Amino acid sequence: MDDKKKMVSVVKIPEEPDNYQIRASLEKALKLIEDVNFHDDDIIAIKPNLGDLRPSEMGCTTDIRIIEALILIIREYAKNTQILIIESDHWLATANEGYMSLGYTELAEKYDIRLINITREKKITINVDGLYLKSIRIPQLLQQITKFISVAKLKTHSQYRLTCILKNQFGLISSRYKSKYHPYMNEVLYDLNKVFNPDLCIVDGIIGMEGNGPSDGNPINSGILICGFDPLITDIVASKIMGIKPKKVPYIKFAIKHDCINKDEIKVLGDAANISLNFTFIPFISYSLNRLSLKMIRIGNSTLNVFEKLSNLTSMLSGAIILFSQGYLLSPNYGLVKKNNAKTFLKDQIRRIYYQIRLKLY
Amino acid sequence: MRTLKLGIIGCGSAVEYLHLPALQRIPKIKVKALVDKYQDRAKNLSQRYNLNAITTSDYSELLKDDAIDAILIATPPDTHAQIAIDGAKAGKHIFCEKPMSTSLEDAEKIIHTVSEENVKFMMGFNFRYSPEIIRIKKMVDSGFVGKPMMMSLYFLSNISNWPSVTKFQFNKKKGGGVLFDTGSHPIDLARWIFNDIQKVYCTLSTSCLNSSVDDTAALLLETKKGEKINIFLSWCSKDLNRISIIGTEGILETETGLNHVLAMKKGVRMGQFRIMIPTRTQLPTYQLELSNFANIVLNNEIPLVTGKDGLESLKVILAAYQSYETSKPVIL
């Protein structure tokens with residue numbers, strides 16, 4: 001990983017800031033990491049956290065004033081840049097409802113930007129071959145963007161301890177009902193962040209959320225903005241600031257292990273670089289039970305997979321008996337199999353199923 | 001419903017396991033006659049598939065039968081020309097399995113005769129009906145890959161799985177060898193998707209068979225527009241038919257039976273990930289091509305695959321053998 005990606009800036013922001021103060025803080029945070037690089041021919045996608053429509057002052061959703069400040073900064077460098085706000089439907093609300101209720105419709109008119117509902121856009125399927133996601137449906141227009149900026153909220157999460165930049169990309173899964181991915185969040189977030197790979201990460205910590213996040217917690221005047229390039233590095237810093245050990249966040253621990261990150265190489269800059277807040281959390285027993293519940297779904301799904309493979313084996317045995325009884329079999333994978341090749345065919349089939357079971361359980 | 005009355009000449013394994021199961025599923029084709037050197041084989045098939053067909057060991061009897069509209073030629077390749085010419089002169093429309101024949105002269109005679117006798121002639125290049133390959137062709141034609149530059153084709157199989165009765169595949173004079181037997185398909189696809197072939201270089205070997213014919217071949221072709229194609233053929237592998245197309249703006253890849261095409265576009269975000277473009281699951285290609293043949297005859301449609309395609313494919317095969325023998329590229 002190059003050194004630039006290991007830089008994170010943390011700046012203080014006054015309590016109850018106005019638009020100018022927010023913009024000034026954001027500019028300061030961006031200057032610290034030495035990156036502001038926008039061009040007229042850029043197509044920039046910004047992903048805020050619109051969650052379940054609770055306003056930003058409740059600690060739930062990205063403060064729209066940060067988005068506005070970001071747009072103004074971008075347009076200062078490149079007047080004609082195309083800017084898109086992207087979000088998907090959520091089980092509690094659609095992206096369009098989020099845009100309407102949180103002021104994005106007016107923002108879009110004011111600054112001539114586009115509001116994109118990923119769930120409703122024309123999609124293509126890309127072959128990801130990730131740790132969990134083998135393929136993912138993405139809006140075709142996302143292939144045209146030149147920069148992707150993830151703007152997350154600083155919040156606790158009752159199942160994962162923290163939700164910040166890495167988790168913000170969960171909202172790029174186009175389907176509305178995403179709960180099936182929850183038991184596999186470590187692998188899913190790892191895959192999503194490899195696919196979407198933000199160019200810039202901004203954390204809205206003006207008012208964060210503590211307690212029973214990500215929706216039902218309590219607002220906390222955290223008074224900071226965090227900027228970075230790498231989603232994992234940014235989340236590690238955010239986590240520490242919240243008073244949560246990064247390795248206590250399951251998907252951060254998972255990603256650190258997979259990417260071999262050395263936390264000592266992270267460079268934190270800014271006037272709040274050493275800030276330490278103490279976000280409260282839900283009782284440990286509640287958190288543990290939430291984790292256990294997810295684990296149980298994983299075990300259930302693995303068991304189902306084994307039965308699926310056993311079902312394939314049973315079906316194969318049926319084919320084998322047909323092969324012996326009528327002397328030949330037209331197999332979808334092997335074409336014509338004659339009885340005198342039955343032994344090779346059977347051995348191969350059993351070997352395939354065995355390896356499928358082994359690889360899936362591993 | 002009007003039906004096409006078909007006579008099949010050559011009742012080997014291809015007819016037994018591929019053509020007849022397909023024909024049974026096409027109501028507009030009725031198999032009325034089966035011809036084989038060994039008449040018992042023809043009789044067995046007629047009983048097994050419940051065809052109630054006339055069986056004979058002499059195809060000229062079939063050609064005299066006015067009730068037969070068309071013939072399907074599935075004999076060893078060295079016999080295709082004579083049967084096709086006789087069939088055309090008898091006014092029968094012709095479906096000919098690949099390769100067209102074993103000599104250019106014979107192939108040209110077939111084309112000349114079918115034209116003179118005004119009968120329909122279609123080659124059995126069934127891969128042109130594969131939904132994955134049809135999708136790739138459409139995408140290349142629509143410019144997805146930009147200017148096409150290169151194509152790579154793998155056509156592999158395990159010959160020991162194929163229950164050949166006469167074993168003509170292992171007799172070079174009869175049109176045996178992997179290049180004659182399997183090479184027709186990828187060569188035809190290369191011409192169909194790109195352009196006519198101008199230059200041919202080939203190496204052959206016998207890798208796994210206890211035989212004198214080639215079972216492994218590698219071809220390097222160049223089209224008239226400078227596109228490069230490499231083709232790998234083998235009888236010593238598992239079944240796999242794979243195609244990749246590389247152009248100035250993108251790459252396409254697929255395998256037959258995959259039900260999707262993988263595409264990569266240059267210069268887009270997330271371009272390192274292949275886009276999966278699903279293709280419609282369709283009927284088996286043998287069923288599609290024979291159904292198409294029925295439409296060509298019954299409705300006077302234009303064949304997708306003609307005698308010229310068979311001839312051009314054969315030219316490349318013969319040039320490939322020549323290249324192997326001289327160790328030099330051959331210019332067509």
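Colleague: What makes A:Asp199 and B:Arg269 a salt bridge?

Modeller: This is a predicted model, and in it the side chains of A:Asp199 and B:Arg269 come to 3.0 Å, N to O. The cut-off is a side-chain nitrogen of Lys or Arg within 4 Å of a carboxyl oxygen of Asp or Glu, so the pair qualifies. The rule finds one salt bridge across the interface of chain A and chain B.

Colleague: What else makes up the contact of chain A and chain B?

Modeller: Chain A brings 25 residues and chain B brings 16 residues. About 1,900 Å² is buried between the two chains, with carbon and sulfur atoms giving 56% of that area. There are also seven residue pairs in polar contact across the interface, both residues at pLDDT 80 or more. On the side of chain A that touches chain B, the elements giving two or more residues include strand E5 (123-127), strand E7 (147-157) and helix H6 (185-196) of chain A. E5(A) supplies the largest share of that side, four residues.

Colleague: Why is the link between B:Cys208 and B:Cys236 called a disulfide?

Modeller: The S to S distance is 2.1 Å, and the cut-off is 2.5 Å, so the pair counts as a disulfide. A search of the whole structure finds one disulfide over all chains.

Colleague: And why is the disulfide of B:Cys208 and B:Cys236 called left-handed?

Modeller: The torsion about its S-S bond is about -80°, so the disulfide is left-handed. The pair links distant parts of the chain, 28 residues apart. B:Cys208 sits in the loop between strand E8 (197-205) and strand E9 (216-223) of chain B, while B:Cys236 belongs to strand E11 (residues 236-247) of chain B.

Colleague: How do you know whether B:Cys208 and B:Cys236 are buried, exposed or partly exposed?

Modeller: Buried means under 20% and exposed over 50%. B:Cys208 has 44% relative accessibility, so it is partly exposed. B:Cys236, with a relative accessible area of 32%, is partly exposed too.

Colleague: How do you know that A:Cys201 is in no disulfide?

Modeller: The nearest cysteine sulfur, that of A:Cys164, is 8.8 Å away, and the cut-off is 2.5 Å, so A:Cys201 is in no disulfide. At 0% relative accessibility, A:Cys201 counts as buried. A:Cys227 is likewise in no disulfide, since its nearest cysteine sulfur, that of A:Cys201, is 9.0 Å away against the 2.5 Å cut-off. A:Cys227 is buried, with a relative accessible area of 0%.

Colleague: Which residues have the most contacts inside the largest nonpolar core?

Modeller: That core has 137 residues, and those with the most contacts inside it are A:Ile126, A:Phe196, B:Ile193, B:Leu219, B:Ile245 and B:Leu252. Among the residues that A:Phe196 touches are A:Ile136, A:Leu172, B:Arg269 and B:Met270, leaving aside residues up to four places away in sequence. Another core, of 40 residues, lies apart from the largest one and includes A:Phe38 and A:Ile83.

Colleague: Why is A:Arg161 called buried?

Modeller: Its relative accessibility is 16%, below the 20% limit, so A:Arg161 counts as buried. A:Arg161 is in strand E8 (residues 161-163) of chain A, and its phi is near 80°, a positive value in a residue other than glycine.

Colleague: What makes B:Asn118 count as exposed?

Modeller: At 67% relative accessibility B:Asn118 passes the 50% limit, so the residue counts as exposed. B:Asn118 also has a positive phi, near 55°, and lies in the loop between H5 and strand E6 (121-123) of chain B.

How values were computed:
Residues are numbered from 1 along each chain as its sequence is written. Chains are lettered from A and ligands numbered from 1 in the order in which they are written. This is a predicted model: local features need pLDDT of at least 70, side-chain atom pairs count only at pLDDT 80 or more; totals for chains, interfaces and linings use all residues. Side-chain values use heavy atoms; hydrogens and water are left out. A nonpolar core is a set of buried Ala, Val, Leu, Ile, Met, Phe, Trp, Tyr and Cys residues joined through side-chain atoms within 4.5 Å. Buried means under 20% relative accessible area, exposed over 50%, partly exposed in between (1.4 Å probe, protein chains only). Contact means heavy atoms within 4.5 Å. Buried area is the accessible area (1.4 Å probe) that two parts lose on being put together, summed over both. A polar contact is a pair of N or O atoms within 3.5 Å; within protein, one must be able to donate a hydrogen and the other to accept it, and residues adjacent in sequence count only if both atoms are side-chain atoms.
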